[in-house]
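Visitor: I would like to learn how to read a helix in a model. Please take me through one.

Guide: Gladly. Here it is.

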Amino acid sequence: MKDSFTDSWQSFKEEKDKRRTVLAFAAIGFLADIFFYTNLSSSQDILQGTVIATGFVFLSSTGPACVATMIYPFLFQKIPLPLASCAIFVVSVSGMLITSIIQEPRLKLIGVCLVSFGYGSIEAI
């Protein structure tokens, strides 16, 4: 009798953990896509009324993500996952704030690079 109660409790706990994991991955994926597509839209806004080349803006939007994806397994695997997640979140939010608050288009590209680096890091985790 005790074993069936323990087994059912263990099964309930495993189902709860599965739901929590699925929900966490869905939330992370949703936030990553929001950051990426908002970053892409801001890149388009930077281009309007400037002499900055389109290729440079799109390179700043995709280049840091590629670099982060390449170097993450070698450098950042030693960082604990919760700390890495918090750091990636801070970098992405900082990039969004820089892109939205600063008026100088060249400085906005730094914000675009930060968001792109954060997005590439999320993919590599």
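Visitor: Which residues in α3 are buried?

Guide: This is a predicted model: local features need pLDDT of at least 70, side-chain atom pairs count only at pLDDT 80 or more, and totals for chains, interfaces and linings use all residues. Residues are numbered from 1 along each chain as its sequence is written, and side-chain values use heavy atoms, with hydrogens and water left out. Buried means under 20% relative accessible area, exposed over 50%, partly exposed in between (1.4 Å probe, protein chains only). Helices are DSSP runs of H or I, at least four residues, numbered from the N terminus. In α3, the buried residues are Ala84, Ile88, Ser92, Gly95 and Thr99.

Visitor: Why do the buried residues line one face of the helix?

Guide: An α-helix has 3.6 residues a turn, so residues three or four places apart point the same way. In α3, the buried residues fall within an arc of 65 degrees seen down the axis, so they line one face. The arc is that of the directions from the helix axis to the C-beta atoms.

Visitor: Which exposed residues does the face turned away carry?

Guide: On α3, that face has Pro82, Leu83, Ser100 and Ile101.

Visitor: Which residues form the largest nonpolar core?

Guide: Such a core is a set of buried Ala, Val, Leu, Ile, Met, Phe, Trp, Tyr and Cys residues joined through side-chain atoms within 4.5 Å. Here the largest has 6 residues: Ile46, Leu47, Ile52, Val57, Leu109 and Val112.

Visitor: How many helices and strands does the protein chain have?

Guide: The protein chain has 4 helices and 0 strands.

How values were computed:
Helix = DSSP H or I, 4+ residues; strand = E, 2+ residues; numbered from the N terminus.
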